[in-house]
Amino acid sequence: MSELAKLDLKYIWHPCSQMHDYESLPPIVIKRAKGVFLYDEYDKRYIDIISSWWCNLLGHSNERINEAIKVQLDRLEHVIFANFTHESAINLSSRLVEILPKGLVKLNFSDNGSSAVESALKMAFQYHYQTGKPNKTRFMCLEEGYHGETIGALSVGTMDLYAKIYKPMLMDVIRIKSPDCYRCEFGLTRQSCSCECFCHAKEEFEKHGHETAAIIIEPLVQGAAGMRIYPALYLKKLREICDAYDVLLIADEIATGFGRTGKMFAFDHAGVSPDIMTLSKGLTGGYMPMSITATTQKIYDAFYAPYSEGKAFMHSHTYSGNPLGCAAALAVLDIIENDDVLTRANKTAKFLNETLSKVLLGHKNVGEIRQIGLINAIELVEDKSLKQAFKASRRVGYEIYKKALKNGLLLRPLGDVIYFNPPLNITQEECEKAMALCEKSIREILG
Ligand SMILES: *Cc1c(COP(=O)(O)O)cnc(C)c1O
């Protein structure tokens with residue numbers, strides 16, 4: 001273990017880690033990065049095929065984003081955002097409102113994804129309270145959903161891995177069985193699906209719609225659950241039922257926003273709008289911690305009154321609207337537009353999926369390769385015909401992860417699902433390299 005790695009372990013408690021694992025896999029010290037490549041202290045190269053936890057949208061050390069931050073840094077690094085503002089926040093907001101799904105016209109800034117979710121939940125609750133519906137106090141969410149790690153966000157997240165131990169601290173939410181298109185309970189395929197499983201949502205709305213403030217979902221891709229992908233039709237049906245029961249629809253696009261699904265936002269596939277949308281991760285190209293909770297004029301207006309009426313949204317974060325984050329986000333939007341990034345990404349996505357399927361779909365343990373945009377998830381199973389998972393104790397995903405690191409590929413798994421979620425401007429050649437390393441690593445573990 002290097003001296004730096006030893007010092008790291010002396011002081012640092014890493015996120016989402018059993019620190020005991022670091023005895024056999026010490027922290028990798030990254031010295032520099034460029035595009036899709038990371039370089040460690042020995043100059044070993046890794047392909048960052050997961051965009052450093054899905055946030056690095058346009059490659060590491062992107063010259064245009066670097067430059068935008070440098071220019072901003074010499075002007076204004078930060079300023080209080082209550083009663084004060086600055087040009088980068090104003091420009092960014094007007095640009096975003098132009099491209100967000102129709103009706104999302106007011107933006108509330110925070111500094112990480114979980115905080116944007118907290119803001120969304122509080123906003124929804126208070127909206128109903130201030131429009132004469134104090135009985136609407138509960139939240140609905142999809143099973144296997146993930147919305148962050150703070151107490152409110154964990155409450156509406158339903159993955160036991162993250163939430164179970166904290167149950168006594170969490171809100172009592174209404175859980176809806178989520179679509180599972182790989183193991184469809186109605187025996188349908190992705191092609192023949194008409195969202196029969198929406199009956200579970202219907203049932204809960206009939207029971208609990210009257211007491212529900214909002215439902216929060218990850219549109220089209222339940223990321224942390226293993227990139228579980230479901231059709232846009234489900235979102236359309238949700239929009240209808242939310243309207244029928246006066247339940248607000250919160251789209252958590254922290255992971256799916258900014259082109260990850262092939263369109264700018266996942267909701268663009270559905271042609272309907274949510275009432276509230278959360279954004280982070282790709283927003284600043286993965287450079288600065290920043291997030292946004294976007295909402296409608298109607299919700300905004302329910303908070304707008306003389307101060308004495310006590311209707312204000314008293315939610316704040318010190319770093320709300322941070323100028324460096326805004327400058328990075330503006331550069332990201334410029335690049336996406338000027339370079340026609342989405343059109344190119346969709347071409348690369350097609351190539352990636354076709355090649356990956358050719359190389360891996362025949363493998364005895366590859367149950368499914370599911371894809372939307374550049375996101376490609378490979379679900380590994382013990383028995384393909386039964387779609388039966390490996391025993392958790394085998395930690396197949398983790399073993400492949402370790403092997404891939406040796407081989408120079410950062411392929412952090414979600415259980416036994418390994419996935420590609422690369423920067424949108426990755427080249428076909430880089431995809432080919434990553435696929436070869438991925439296949440090699442899988443075969444070294446599973447044969
Ligand atoms: C990552 C993520 C979050 C949490 O964002 P943080 O910045 O890690 O707090 C919330 N929702 C979704 C869908 C995410 O992918």
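Visitor: What makes strand β10 and strand β11 a pair, and in which sense do they run?

Guide: This is a predicted model. Two strands pair if DSSP finds at least two bridges between them. Strand β10 (residues 248-252) and strand β11 (residues 276-279) have 3 bridges, in the parallel sense. The count of 3 bridges meets the cut-off of at least two, so β10 and β11 are called paired. Within this pairing, I250 stands opposite I276 in β11.

Visitor: Which strands make up the open sheet, and in what order?

Guide: The sheet has 7 strands, in the order β4-β12-β11-β10-β7-β5-β6, with mixed pairing. Its edge strands are β4 (104-110) and β6 (174-176). What makes them edges is that each pairs on one side only. Neighbouring strands are turned by 20° against each other on average, direction ignored.

Visitor: Which strands does α5 lie across?

Guide: Helix α5 (residues 113-130) lies across β4, β5 (138-142), β7 (212-217), β10, β11 and β12, and runs at about 25° to β12. Helix α4 lies across β4 and β12 (291-296), at about 135° to β4.

Visitor: Why is E77 called partly exposed?

Guide: E77 has a relative accessible area of 44%. Buried means under 20% and exposed means over 50%; 44% falls in between, so E77 is partly exposed.

Visitor: Where is E77 placed, and which residues does E77 touch beyond four places away in sequence?

Guide: E77 is in the loop between α3 (63-75) and α4 (87-99). Its contacts there are N322, P323 and L324. E77 and G325 are 248 residues apart in sequence, yet 9.5 Å apart in space, C-alpha to C-alpha.

Conventions:
Residues are numbered from 1 along each chain as its sequence is written. This is a predicted model: local features need pLDDT of at least 70, side-chain atom pairs count only at pLDDT 80 or more; totals for chains, interfaces and linings use all residues. Side-chain values use heavy atoms; hydrogens and water are left out. Helices (H or I, at least four residues) and strands (E, at least two) are DSSP runs, numbered from the N terminus. Buried means under 20% relative accessible area, exposed over 50%, partly exposed in between (1.4 Å probe, protein chains only). Contact means heavy atoms within 4.5 Å. Axes are lines fitted to C-alpha atoms, for helices over the stretch in contact, and angles run from 0 to 180 degrees between N-to-C directions.
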